[in-house]
Amino acid sequence: MRPLSLFISTSLDGYIASPDGSVDWLLSDQDYGYTAFYDSIDTVAMGRHTWEQLKAFGDYPYVGKRGVVFSRELGGQSDPNISFITAPAHEWLAEAKHQPGRTIWLMGGASLVDTCLQHDLIDEFILSIHPVLLGEGLPLFRAGGPRLALELIDSQHFSSGLVQLTYRRSR
């Protein structure tokens, strides 16, 4: 079965974006394991808000990887790099995990992460914790989520102060 991996950056206080949606606080001075992770995937899954923010940065950066955007509002749109999925995300992802292929990258955002948590779909959590406190913003994990047992697989610290933790579901 294909794994669904959440590879995401967060502030030390658990936010994935500032209140206005910006991510200008993210460190970009090193690779932080991104290339190795990117080489292991064939699908990038994201919600509508993440897609809209990604488009604001310019051209689709994941050429050669299947892009999937979950959105009822964007259904029917056309983009050569993206499939716009109007079906419930948890149903589509559960089925995709049983199809041939490589790792599915759960890129974000918080609503899609919450849906995947509620339906027990995330197999691996790779959290890059940046050495910054935002004080407010878009939280990675919403209150009221399910209780999950995780197993620490790896931890790395970098000279920048970033810490990357990799967990897998304890089954």
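Buried means under 20% relative accessible area, exposed over 50%, and partly exposed in between, with a 1.4 Å probe and protein chains only. With that in hand I started at proline 146, which at 35% relative accessibility counts as partly exposed.

**Ground rules**

I am working on a predicted model, where local features need pLDDT of at least 70, side-chain atom pairs count only at pLDDT 80 or more, and totals for chains, interfaces and linings use all residues. I number residues from 1 along each chain as its sequence is written, and side-chain values use heavy atoms, with hydrogens and water left out.

**Proline 146**

I found proline 146 in the loop between strand 8 (138–139) and strand 9 (150–157). Helices (H or I, at least four residues) and strands (E, at least two) are DSSP runs, numbered from the N terminus. I looked up its contacts (heavy atoms within 4.5 Å). Leaving out residues up to four places away in sequence, proline 146 touches Leu117 and Gln118. I also checked serine 83: it is 63 residues from proline 146 along the chain, and their C-alpha atoms are separated by 29 Å.

**Helix 4 and what follows**

Which residues of helix 4 are buried? I get Ala110, Leu112, Val113, Asp114, Cys116 and Leu117, in a helix that spans residues 110–118. Just after helix 4, aspartate 120 takes a positive phi of about 55 degrees, although it is not a glycine. Aspartate 120 sits in the loop between helix 4 and strand 7, and with a relative accessible area of 35% it is partly exposed.

Most residues other than glycine have a negative phi, and most peptide bonds are trans. I place tyrosine 32 in the loop between strand 2 and helix 1 (34–39), and it is buried, with a relative accessible area of 7%. The peptide bond from glycine 108 to glycine 109 is cis, with omega near 5 degrees. Glycine 109 belongs to the loop between strand 6 and helix 4.

**Helix 2**

I listed the buried residues of helix 2 as Thr50, Trp51 and Leu54. Seen down the helix axis, these fall within an arc of 100 degrees (taken from the directions from the axis to the C-beta atoms), so they line one face of the helix. The face turned away from the buried side carries the exposed residues His49 and Ala56. What covers the buried residues includes strand 3 (41–47), strand 4, strand 5 and strand 6. Glycine 58 follows helix 2, and its phi is positive, near 130 degrees.

**Largest pocket**

Points are joined across faces, edges and corners, and the volume is the space filled by probe spheres set on them. The largest pocket comes out at about 1400 Å³. Of its 49 lining residues, the closest to the centre are Thr50, Gln53, Met107, Gly108 and Gly109. Which element gives the largest share of the lining? Helix 2 does, with five residues.

**Cores**

A nonpolar core is a set of buried Ala, Val, Leu, Ile, Met, Phe, Trp, Tyr and Cys residues joined through side-chain atoms within 4.5 Å. The largest has 26 residues, and those with the most contacts inside it are Leu4, Leu6, Phe70, Leu93, Leu106, Cys116 and Ile122. Helix 4 supplies the largest share of this core, five residues. Apart from it I found another core, of 17 residues, among them Val44, Val69, Phe84 and Trp105.

**Two last residues**

Is threonine 103 buried or exposed? It counts as buried, at 13% relative accessibility, and it is found in strand 6. Not counting residues up to four places away in sequence, threonine 103 touches Arg2, Pro3, Ser5, Ser40, Ile41, Asp42 and Thr43. Glutamate 73, in the loop between strand 4 (66–70) and strand 5 (82–85), counts as exposed at 57% relative accessibility.

Note on methods: On a 1 Å grid over the protein atoms alone, a cavity is a set of points where a 1.4 Å probe fits but cannot get out, and a pocket is an open set with protein on both sides within 12 Å along at least five of seven lines; lining residues have an atom within 4 Å of a point.
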